[in-house]
Amino acid sequence: MIRRSFFARSVHEVARELIAATFLVEGVGGKIVEVEAYHHEDPAAHGYGGRTARNASMFGPPGHAYVYRSYGIHWCVNFVCEAEDVADAVLIRALEPTHGLETMRERRGLEDNRLLCAGPGRLCEALGITGEHDGLRLDRPPFRLEPRAERAELVRGRRVGITRAADLPWRYGLAGSRYLSRPLRPG
């Protein structure tokens, strides 16, 4: 199991090593295939402007979940990194669903496995992640994180869905995965 100490490092190291790790919430989830890194000096990061009630979990300690609503509609889950009072986090963008497929299909109302967790909002809906998960430790139930079993070939590119610092190549994915939220090509 991945321990809290895993997250007490650079957000980019953590992001790369999360690819192909297994992420479960109450036994439902799968292999992480896409993430985005957000650094405290990054104008696209929620913590860039300082601590607020909404982003307080992003300020640590590392190894906790930062869950927020995107556009007031979709929940998104991030893994807090680096050190306490440093707002660095990895957004979990997509999973290859492997555990609890029927539960995910019911929650999402669709059968296509490729679309169950392809995008941060879809992923949270499929795994049942809500604001109640904000601030919880990642190394305790309801979460379970297992390190990848073998070396993963990564591809890196620009983040999506943001307007500030959109040119930074801080999106990481599993090369060749059909479960990415969007195609990921270097650039």
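The paragraphs below treat the aromatic residues and then the nonpolar cores.

This is a predicted model, in which local features need pLDDT of at least 70 and side-chain atom pairs count only at pLDDT 80 or more, while totals for chains, interfaces and linings use all residues. Residues are numbered from 1 along each chain as its sequence is written, and side-chain values use heavy atoms, with hydrogens and water left out.

Five aromatic pairs occur in the structure (ring centres of Phe, Tyr or Trp, the last by its six-membered ring, within 6.5 Å; planes under 30 degrees apart are stacked, over 60 edge-to-face, the rest tilted). Phe 23 and Phe 79 form an edge-to-face pair, because their ring centres lie 5.1 Å apart and their planes meet at 75°. This pair links distant parts of the chain, 56 residues apart: Phe 23 belongs to strand β1 (residues 22–25) and Phe 79 to strand β4 (residues 74–81). Strands are DSSP runs of E, at least two residues long, numbered from the N terminus. Phe 23 is buried at 0% relative accessibility, and Phe 79 is likewise buried at 0% (buried means under 20% relative accessible area, with a 1.4 Å probe and protein chains only). Phe 6, Phe 7, Phe 23, Phe 79 and Phe 143 make up one aromatic cluster.

The largest nonpolar core has 45 residues, and those touching the most other members are Phe 7, Phe 23, Ile 32, Val 77, Phe 79, Ile 92 and Leu 127. Such a core is a set of buried Ala, Val, Leu, Ile, Met, Phe, Trp, Tyr and Cys residues joined through side-chain atoms within 4.5 Å. Strand β2 (residues 28–38) gives the most to this core, with five residues.

Definitions and conventions:
Helix = DSSP H or I, 4+ residues; strand = E, 2+ residues; numbered from the N terminus. Buried < 20%, exposed > 50% of the residue type's maximum accessible area, 1.4 Å probe, protein only.
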